[in-house]
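Subject: Structure handover

Hello,

Here is the structure I said I would pass on. Please keep it open while you read the notes below.

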Amino acid sequence: MQAFTAGRLLTPTGAVEHPLVLVELGRFLEISARNSQQISADVPLSDFGNSVIAPGYVDLHIHGGAGYDVMDDNVEALPTIEQLLARHGVTSYFPTTVTAPVDITLRALERLANAIEDRESDRKQHHQQAHGDRDSRARPLGIHLEGPFLSHARRGVHPPENLLTPTLALFEQFWQAARGRIRIMTIAPELGGAPEVIAEAARRGVCVSLGHSDADFEEAERGIAAGARHATHTFNAMRPLDHRTLDHRSPGILGAVLTDPRVTADIIADGVHLDPAIVKLFAQTKGPHSTVLITDAISATGMPDGRYRLGSFEVDVRHGKCTANGKLAGSVLTMDRAVRNLVQFAEWDLSQAVAAASLNPARAAQIADKGVIVVGADADFVVLTPEGKVSRTFVGGVECSG
Ligand SMILES: [Zn+2]
């Protein structure tokens, strides 16, 4: 057993001042106020002073970092990305594909499924020996399939020659290659065949996310009726809200996503993809329970400016901006920065911004034991300065080093 204390705990649905958090076998065993509890002398106690303990962050949309892309066929890629993620407070993530030729996507899905299964069996073995992972770093929980079922009109930098019309047969092929590990799928609901694929994916427990879409309001609502419950990098690669004239009023997919209470939605709060005023508008519209922060980070994250790969194409990175042929191509955002930006842009308190990076994404992806500090949940947590800077990260109760 281990004990942790700090100035404050954000669960994040509530706060405990001077908390005492007990961890055993990789899970939270007890959460209380420190003065109400005597801990026995043989339990090691870590005291984080006036810092804040918060749930580990969950990134639903990340393509890479530290020079590697999650689609790279290289055994170093995921462990290196996972160490970078942990340094920025992310304890769980969903490696995200970009549109590529089908055979390349299938091979990437297979490798990612292997990586997810390896980490799972690692974890079981080590917990039987009553300690966590030897090599503690962010864990991949499932795959986010971004493309090929995207709109040509709103493809962003996804290669047009590889975009495909959704079919159940194609979805099944991806599903088999990933051995059922696809947990999030971004899809444009207006494409022929999309409603059937959305319904089937949702039936299998996939978080179906509307995005890269030129859908009008009705098409988006049909996607939601079919089972879509989330939206991908809202505002970016989406038909805009349009109310130019009396006969030209088109709320579009944004009108649906922003107002439909069944839908959670994510944003890239790097100050580049969205103006801070739009981040505030979004936060006020979707509210503290349905706002999700993502990074959409690419291999250049944590690296100097230069040329980097995203899936199978190249991206220029300069002054925190990633572009390919003049279009935005992912970000070099880290989740701890996104949390602090949301606090600043939306004037939210730290606990609301933390929820947008932890509990809300875990709920959107239907992951029960993550993103929240409650008895029985996985002991994935971060230690933050009162300003939200990450000082330490723990996965399954074990500190991530370096
Ligand atoms: Zn995208």
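The notes below go through what was found, one topic at a time.

The model is predicted, so local features need pLDDT of at least 70 and side-chain atom pairs count only at pLDDT 80 or more, while totals for chains, interfaces and linings use all residues. Residues are numbered from 1 along each chain as its sequence is written, and side-chain values use heavy atoms, with hydrogens and water left out.

Helices

Helices (H or I, at least four residues) and strands (E, at least two) are DSSP runs, numbered from the N terminus. Two packed helices are described by the angle between their axes and the distance between the axes. Helix H7 (residues 276-290) packs against helix H8 (residues 335-346) at an angle of about 85°, and their axes are 8 Å apart. That makes H7 roughly perpendicular to H8. Angles of 65 to 115 degrees count as roughly perpendicular, under 35 as roughly parallel, over 145 as roughly antiparallel and the rest as oblique. The axes are lines fitted to C-alpha atoms, for helices over the stretch in contact, and the angles run from 0 to 180 degrees between N-to-C directions.

On the H7 side, Pro 276, Val 279, Lys 280 and Ala 283 meet Leu 342, Phe 345 and Ala 346 of H8; contact means heavy atoms within 4.5 Å. By class, this contact has six nonpolar, no polar and one charged residues. Here Ala, Val, Leu, Ile, Met, Phe, Trp, Tyr, Cys and Pro count as nonpolar, Asp, Glu, Lys and Arg as charged, and the others, Gly among them, as polar.

In helix H1 (residues 77-87), the buried residues include Leu 78, Ile 81, Glu 82 and Leu 85. Buried means under 20% relative accessible area, exposed means over 50%, and partly exposed is in between (1.4 Å probe, protein chains only). Just after H1, Gly 89 takes a positive phi of about 90°.

Nonpolar cores

A nonpolar core is a set of buried Ala, Val, Leu, Ile, Met, Phe, Trp, Tyr and Cys residues joined through side-chain atoms within 4.5 Å. The largest one has 104 residues, and Tyr 57, Leu 60, Met 185, Leu 293, Leu 342 and Leu 384 touch the most other members. Leaving aside neighbours within four places in sequence, Met 185 is in contact with residues including His 144, Phe 149, Phe 171, Val 197 and Cys 207. A second, separate core of 16 residues includes Phe 4, Phe 48, Val 372 and Phe 394.

Salt bridges

A salt bridge is a side-chain nitrogen of Lys or Arg within 4 Å of a carboxyl oxygen of Asp or Glu. The whole structure holds 26 salt bridges. One of them joins Asp 369 and Arg 27, with the closest N and O atoms 3.6 Å apart. This pair links distant parts of the chain, 342 residues apart: Asp 369 is in the loop between helix H10 (359-364) and strand E25 (381-384), and Arg 27 is in strand E5 (residues 27-33). Asp 369 is partly exposed at 34% relative accessibility, and Arg 27 is partly exposed with a relative accessible area of 34%.

Arg 34 and Asp 47 also meet in a salt bridge (3.7 Å, N to O). Arg 34 lies in the loop between E5 and strand E6 (45-47) and Asp 47 in strand E6, so the pair ties together parts that are 13 residues apart in sequence.

Asp 316 forms a salt bridge with Arg 307, with 3.1 Å between the closest N and O atoms. Asp 316 is partly exposed, at 25%, whereas Arg 307 is exposed, at 53%. Salt bridges that share partners join Arg 27, Asp 369, Lys 370, Asp 378 and Asp 380 into one network.

Backbone

Most residues other than glycine have a negative phi, and most peptide bonds are trans. The peptide bond from Thr 11 to Pro 12 is cis, with omega near 5°, and the bond from Gly 147 to Pro 148 is cis, with omega near 15°. Pro 12 lies in the loop between strand E2 (8-10) and strand E3 (15-17).

Phe 235, which is not a glycine, has a positive phi near 85° and is buried at 18% relative accessibility. Asn 325 is not a glycine either and has a positive phi of about 50°; Asn 325 is exposed at 81% relative accessibility.

Regards
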